[in-house]
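Please consider the following protein model.

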Amino acid sequence: ARHAELTRCMPRFLVVGTQKGGTSTLHYVLRSGWHPRVALNKGEKEVHHFSLDDNHAMGPARYQARWDGEGAQLGTCPGREEEVRGEVSATYLDYPRAAERAFALLPFAKVVLLLREPAARLVSSFNMRWQVEVCGKLTWTRRDCFKGLSSREQVKEHAVGPFQLAAALKVWARCQTPGGDGLDASCLGADFVEKLANRTRRERREIDVCLAALEADAPPLSLGRCLGLPILSQRKLYKRMEDGAYVYRSMYAEHAAVWLSYFPPEQLLVLPSEPLFERATVEAQMSRLAAFLGLDYRETNKEVLFSASPASVTGAPHENGREYVATPPPEVLADLRAWLCPHNARLAGLLLANGLVPSASDLSADLPWAAAPPGGPTIGCEPAPAGAAAPSTRAPPVTTAQPPLPTAANAETRHARDEGHKRRRAKGRPKRIKAG
């Protein structure tokens, strides 16, 4: 009771990702008056309270202050008790300990997962980081930042650090136009594609080594632990996740399983990202979200769904607008999708077994890129293109110290799992929250 009293002014829902999966779009809608009861945190979009050590160490009072301001009393928000508070932090889905910390503080919170087609998410994430590597600070002021560099001095002027500057100067030396007043688009495109292919291939090899090692473990360790993520300092973890975990962050089954090991399925909602960007489908998606959060959809402001966000440059609703210097060749995308396909199949099985997708037909409609699990209707994994690395067929273990989730949604296993959640809530509370 004391815990509930002290956390009653904290978020009732968390949008946990995925990165480059539409979280900015959803944040814009929720913050722009979509529903009168919804209240997001003040200040910048992402709080990162559960994912970054320094933020988490500030404690729950500082976390609540993101809604009520400095000096607010923990558990006290006069006149605002009926707000449905929430936050959107795309690091929560896949950063180590985020799910564990969220459950410790907010065990009854609703959790929303936005899932984008994994290869498209990966390429979008890489495109953003590639632009930072080439353009530095100019990335945040120009959607076509690589067109805004006209001299070596400008490259230095926009640098964000020594490593980025060194990489940017290499690109400048290789791709500057004959007149030395800009960067050649075809050379930049080749640089983008080469780095995308090489870095994701290297990352997949590292993951495959871990998956092979994990097969022999009993009980299984987590993939994240094998990759060394939990032991990294905050600075090194952030760099690893943002600059070198493109494939890992698209392995949704690995991350969804962690959240399911803490939160019961009825507290999770999986929404496909793509319908949020389409006028014909966005209302249906937001209606599902309203029902999940216990909100009356008739009270929503639907006009905000069709207005352009500040990131839009074309007038399309909430269009991100970051320009691509090149489109990955079909064989590169086919290679990525072939490798990811078995992991998508595991996600399909996880969602169906836990009732997060009602049926295989709903799965096919909502997440058509997710192959059906063994024994189910076959959506099918495309074979890898000739000469490509063979896709991993190993299913990574559930990332949790708790017993693995059931592989079949039968009554007995569901009852055992639900009882486990009740026991953890009754006696598994981490350190007590102190008022003030």
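In this predicted model, five strands form an open sheet in the order 2-3-1-4-5, and their pairing is parallel. Strands of a sheet pair through backbone hydrogen bonds, either parallel or antiparallel. The edges are held by strand 2 (38-40) and strand 5 (268-272), each of which pairs on one side only. From one strand to the next, the sheet twists by an average of 25 degrees.

Strand 1 (residues 13-15) and strand 4 (residues 110-115) run in the parallel sense and are paired over three bridges. In this pair, Phe-13 has Lys-110 of strand 4 standing opposite.

Two features of the backbone deserve attention here. The peptide bond that leads from Gly-17 to Thr-18 is cis, and its omega angle is near 15 degrees. Lys-20, a residue other than glycine, has a positive phi, near 60 degrees.

Helices lie across the sheet. Helix 2 (residues 23-31) lies across strand 1, strand 2, strand 3 (84-88) and strand 4, and its direction makes an angle of about 125 degrees with strand 2. Helix 13 (residues 282-293) lies across strand 1, strand 4 and strand 5, running at about 175 degrees to strand 5.

The next topic is the packing of helices against one another. Two packed helices are described by the angle between their axes and the distance between the axes. For helix 6 (118-135) and helix 8 (162-175), the axes come within 7 Å and cross at roughly 85 degrees. Angles of 65 to 115 degrees count as roughly perpendicular, and helix 6 is therefore roughly perpendicular to helix 8. At this contact, Val-132, Glu-133, Val-134 and Cys-135 of helix 6 meet Gln-164, Ala-167, Ala-168 and Val-171 of helix 8. By class, the contact comprises six nonpolar residues, one polar and one charged.

A second pair of helices crosses at another angle. Helix 12 (residues 252-262) and helix 14 (residues 330-353) have axes that come within 8 Å and cross at roughly 30 degrees. Because angles under 35 degrees count as roughly parallel, helix 12 and helix 14 are described as roughly parallel to each other. Helix 12 contributes Tyr-252, Ala-253, Glu-254, Ala-256, Ala-257 and Leu-260 to the contact, while helix 14 contributes His-343, Arg-346, Leu-347 and Leu-350. The residues of this contact are seven nonpolar, one polar and two charged.

Finally, which helices each supply at least two residues of the lining of the second largest pocket? They are helix 6, helix 8, helix 9 (185-214) and helix 11 (234-244). The volume of this pocket is about 860 Å³. Its lining consists of 29 residues, and those nearest its centre are Arg-129, Glu-133, Phe-163, Lys-239 and Asp-243. By class, the lining of the second largest pocket has 15 charged, 10 nonpolar and four polar residues.

Terms used:
Residues numbered from 1 in each chain as written. Predicted model: local features only at pLDDT ≥ 70, side-chain atom pairs only at ≥ 80, totals over all residues. Heavy atoms only, no water. Pairing = 2+ DSSP bridges. Helix = DSSP H or I, 4+ residues; strand = E, 2+ residues; numbered from the N terminus. Axes fitted to C-alpha atoms, helices over the stretch in contact; angles between N-to-C directions. Contact = heavy atoms within 4.5 Å. 1 Å grid on protein atoms, 1.4 Å probe; cavity = no way out; pocket = protein on both sides within 12 Å on 5 of 7 lines; lining within 4 Å. Points joined across faces, edges and corners; volume = space filled by probe spheres on them. Nonpolar A, V, L, I, M, F, W, Y, C, P; charged D, E, K, R; others polar. Parallel < 35°, antiparallel > 145°, perpendicular 65-115°, else oblique.
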